[in-house]
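This briefing concerns the model shown below. Please read it alongside the sequence and the structure.

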Amino acid sequence: MSTTYRPNNPLDREREFTDNVESRESLGKVFEIIFLLGLLVGLFVLALLIFDISKDGLVRFFSPGFLTETPSRFPDQGGIRPAIIGSILLGITVILTAVPIGVGAALYLEEYAPKTWWTTIIEINISNLAGVPSIVYGLLGLGVFNYLLGFGPTLISGALTLSLLSLPVIIVTAREAIRSVPDSLRNASYGLGVTKWQTISSHVLPYAVPGILTGVIISVSRAIGDAASLIVVGAVSFLTFNPGLFQRFMALPIQIFSYITRPEAGFANAAAATIITLILLILALNGIAIYVRQRFSID
């Protein structure tokens, strides 16, 4: 019967321990370098894309009327005002619709729902829905909002479809944020005779707000930049008026798609300028969300 060798000399044990620590530190350095290289590659590709887009689109972006006029069939004329207004309305509607529903669902699953096989199935399905392609949500929105509810190819149909697209991410990240709140905080509140809802509203949610807003930033940015679901729902690429909630609508991703499919060279510059506008819009919304997160975070 074989036995494992264990050194009895204290110096040998100390030397073995030192060798193990050094090997783990060396392995950690290797992974640190690999992760750093991955970060640098991602930043390099991002900088390259921004440089290429800026080179082609800045002149068109600063041209008179590009942000304030309606589209034109000539590449050097017209603007993208209806698309900007449409994207802003889509983003606001998604936030007003998906955030309360998503946070409410996360609170119910974490604080109220019993741990049964039924809730387990719901949790698994929500996690799976976060990885479903956006065009599938577009088909769902087409069937439910366009035809079943009779909204037609309007902005409200597109906004509700994007809300469905955003819900799984918001629910998953909100649940993780709520779960990270220590139970000692809840128990201390209950010990003072505070009700469950008062504990959630005054203790749990304030501590979970930073994590919840992180999920909101990710989901809303994905929704505003999505084109596949909006194409299926019925977004158009040419409007001469500002869209309303129950009217036909444009969005910046649809405008970009329309520009890059046209053969004239000038439309490539217009597409690059529209991409710059979309990036700035997403950065503005993210900046607002980050400010709110920092404003309400508890150190």
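**Briefing on a helical chain**

Ser 189 is buried, at a relative accessible area of 3% (buried means under 20%, exposed over 50%, partly exposed in between, with a 1.4 Å probe and protein chains only). The model is a predicted one, in which local features need pLDDT of at least 70 and side-chain atom pairs count only at pLDDT 80 or more, whereas totals for chains, interfaces and linings use all residues. Residues are numbered from 1 along each chain as its sequence is written, and side-chain values use heavy atoms, with hydrogens and water left out.

**Overall form**

- The chain has ten helices and zero strands (DSSP runs numbered from the N terminus: helices are H or I with at least four residues, strands are E with at least two).
- With a radius of gyration of 26 Å, well over the 19 Å that the globule rule gives for 299 residues, the chain is more spread out than a compact globule (the radius is taken over C-alpha atoms, and the rule is 2.2 Å times the number of residues to the power 0.38).
- Along the principal axes, the C-alpha atoms fill a box of roughly 85 × 50 × 45 Å.
- Among the 299 residues of the chain, 39% count as buried.
- Of the contacts in the chain with a separation of 6 or more, 71% come from residues 24 or more positions apart (contact means heavy atoms within 4.5 Å).

**Surface and charge**

- The chain exposes about 17100 Å², of which carbon and sulfur atoms supply 69% (Shrake-Rupley method, 1.4 Å probe).
- There are 19 positive and 19 negative side chains, and the centres of the two sets lie 8 Å apart (Lys and Arg count as positive, Asp and Glu as negative; His and the chain ends are not counted). Each charge is placed at NZ of Lys, CZ of Arg, CG of Asp or CD of Glu.

**Nonpolar core**

- The largest nonpolar core holds 53 residues, of which Ile 80, Leu 90, Leu 162, Ile 212, Leu 230 and Leu 252 touch the most other members (a core is a set of buried Ala, Val, Leu, Ile, Met, Phe, Trp, Tyr and Cys residues joined through side-chain atoms within 4.5 Å).
- At least two residues of this core come from each of helices H1 (10–61), H2 (81–112), H5 (155–179), H7 (196–224), H9 (252–260) and H10 (266–296).
- Beyond its neighbours within four places in sequence, Leu 230 contacts Leu 90, Gly 158, Leu 162, Ala 235, Phe 249, Ala 251 and Ile 254.

- Ser 189 belongs to helix H6 (residues 183–191). Not counting residues up to four places away in sequence, Ser 189 touches Val 194, Thr 199 and His 203.
- Arg 186 also lies in helix H6 and is buried, with a relative accessible area of 9%. Outside the four places on either side in sequence, the contacts of Arg 186 are Glu 111, Ile 178, Val 181, Thr 199 and Val 204.
- Val 181 sits in the loop between H5 and H6 and counts as buried at 3% relative accessibility. Apart from neighbours within four places in sequence, Val 181 contacts Arg 186, Val 204, Tyr 207 and Ala 208.

**Thr 161 in helix H5**

- Thr 161 is placed in helix H5 and, at 1% relative accessibility, is buried.
- Setting aside neighbours within four places in sequence, Thr 161 is in contact with Tyr 137, Gly 138, Gly 141, Phe 145, Ser 229 and Val 233.
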